[in-house]
Amino acid sequence: MTHPGSPISPARVEKPAKMGCVVAFLMIFILVGAAIAGYFTYENLKAALFFKEIPCRIISSDVAGSESHRPHIVYEYEFNGTTHRSDRYSPVKFSASRKWAKKISRSYRPGSTQTCFVNPNEPTEAVLVTAEFWSFGFPLVFGLFFAGIPGFILFAMVRGKNMSPEASESRGPGFRVAARRSMGIPLIGRGAGMELEKDLPLPRLKFHQGSQLPVRLSVAVTRLGSVIGTLIFALFWNGIVSIFVYQVVQSWLKGRGGVFEIFLTLFLIPFVLVGLFAIGLFFYTLFKVRTKDVMMEISKEPLRGGEPFRIYFHQPGPVRFTQLQVRLICEEVVQYTRGTDTFTDRAIARELLLLEDKDPTAATHHEISKTLEAAIPQDAMHSFKSKSNELLWKLRFSMAIPGRPDVEHDFAFRVLPSPPSFVPVHAETNIPA
Amino acid sequence: MSAEVEILIDGNRDRFLRGETISGEINVRFLSGGKPPSRLELSILWQTEGKGNVDIGVIHFESLMPQSAGMDRGIEAMGPIHSRFSAELPAIPLSYHGNLLKIHWFVRVRVAYPKSDELVFEKPFWMS
């Protein structure tokens, strides 16, 4: 921190990003793509512009190739009093499907007279077509595509290198805010509420019309999504592992109990354990889903620091619980990159317990509905969302159910700053005893 | 270092309310014998600090490079640069010091030299 009165600001040295390796890597693709496009274009244009059109006689016509196919058409032609024979169909050899090759070979019946194109400087060089899409257009498009994408990335990188992070970011939302302000559009208010997250660094959230209170909050992560996710993972993992397990079991059944089989069996054990864990995780999330969804509604959204509001929640029964809690939470969520991996870390910046019901008897309730009064703390930090950092306000509904995994649902909403003051904003945890 | 930069905020303030106008003056003096810069930029921005990747949001940006300045004319031709700035601060984000995340506000001057390191001069302020 610099002292406010310090006349000369201290300098920090920043090294510009080196991108030599990336440029070299991209250049390989650009050069290969350009070479493909250039070669095909040159050969086709040469034939189309300079080759001479003369009649020829088809000797034979069939399809060549086993994996990919091309028309194999042998033809004879006379040029400057000399008879020549060629089997070249197009300026550049091109193979594709058998259907395509067969269709072309059928159009050149043996014994028929067709047109071919001969290089007047090299009469042994002749083709039946000069600029067909498959031999000309397709390789050209492919080559340009192959070179174009890395070329575009390289262009953006070089352009970005000549631009500071501030200059690059000055085209972002901060400037749109300034533009809206200059047009007299309110930045925060009821009229601008729907566009807040477009112009300001706020989280994008979904809301619905409530039944008891005006705004119904959406659950942060749907339980059905987590069930499907764990199911896909369990099937994928166990599907792959089962192939190897099958091979090992077959080996043992056939009486091959050698060193290799023993090693493979020991090697597979941790993979099988992960697979069993995945199956267990699937059933765990499935049991959670069996507890019906909680509905959470609030009287207003977005809220402001210091603003009182009402909360209504409804849990359709029948349900048993030993403990039920509703908490107001402000959570810091940050994403950081280490090497090529991105990690997420979370920390609770503020937490207020709004409701706690305990029922040691775990009696069955037909349904649970409650309306609560709460308030956002006056000095609370507002919601915030940038590319890798977030301050997320949410209501957390949690329930301890005997014999089942605990239920926990987060319902996010936005908090805007309270009217201006010089109150410093700090994180703190505040849970009443 | 081949440049000295003075960032002065009017009223010598280091605290502002959202929506207020921040204004001040930038004085840049290039030291003789140094290279002329390729970019000289002023920005007013917020920046995150902490465990997460760094994010920034720029609310005011301008290039301070004089039109007459040229790479071939040398550092002496540039002379000292004086520039005033003024910008209205947005509603959010407010300055914040949390556990994993901090949000800072700065007036920043960046002096970039061709194929070389860049010098960054900052004057932090608190916005609430």
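Visitor: Which residues are linked with A:Glu166 in a network of salt bridges?

Guide: In general, side chains of opposite charge can pair when their charged atoms come close. A salt bridge here is a side-chain nitrogen of Lys or Arg within 4 Å of a carboxyl oxygen of Asp or Glu. A:Glu166 is networked with B:Arg39, B:Glu41, B:Arg108, B:Arg110, B:Glu118 and B:Glu122. This is a predicted model, where local features need pLDDT of at least 70, side-chain atom pairs count only at pLDDT 80 or more, and totals for chains, interfaces and linings use all residues. Side-chain values use heavy atoms, without hydrogens and water, residues are numbered from 1 along each chain as its sequence is written, and chains are lettered from A and ligands numbered from 1 in the order in which they are written.

Visitor: Which residues form salt bridges with A:Asp410?

Guide: A:Lys394 does, at 3.0 Å from N to O, and A:Arg396 does too, with the closest N and O atoms 2.8 Å apart. A:Asp410 is in strand 17 of chain A and A:Arg396 in strand 16; strands are DSSP runs of E, at least two residues, numbered from the N terminus.

Visitor: Is A:Asp410 buried or exposed?

Guide: Buried means under 20% relative accessible area, exposed over 50%, partly exposed in between (1.4 Å probe, protein chains only). A:Asp410 is buried, at 15%, and A:Lys394 is buried as well.

Visitor: How do strands 11 and 14 of chain A run?

Guide: Strands of a sheet pair through backbone hydrogen bonds, either parallel or antiparallel. Strands 11 and 14 of chain A run antiparallel, joined by 11 bridges; pairing requires at least two bridges found by DSSP. A:Arg320 has A:Thr364 as its bridge partner.

Conventions:
Helix = DSSP H or I, 4+ residues; strand = E, 2+ residues; numbered from the N terminus.
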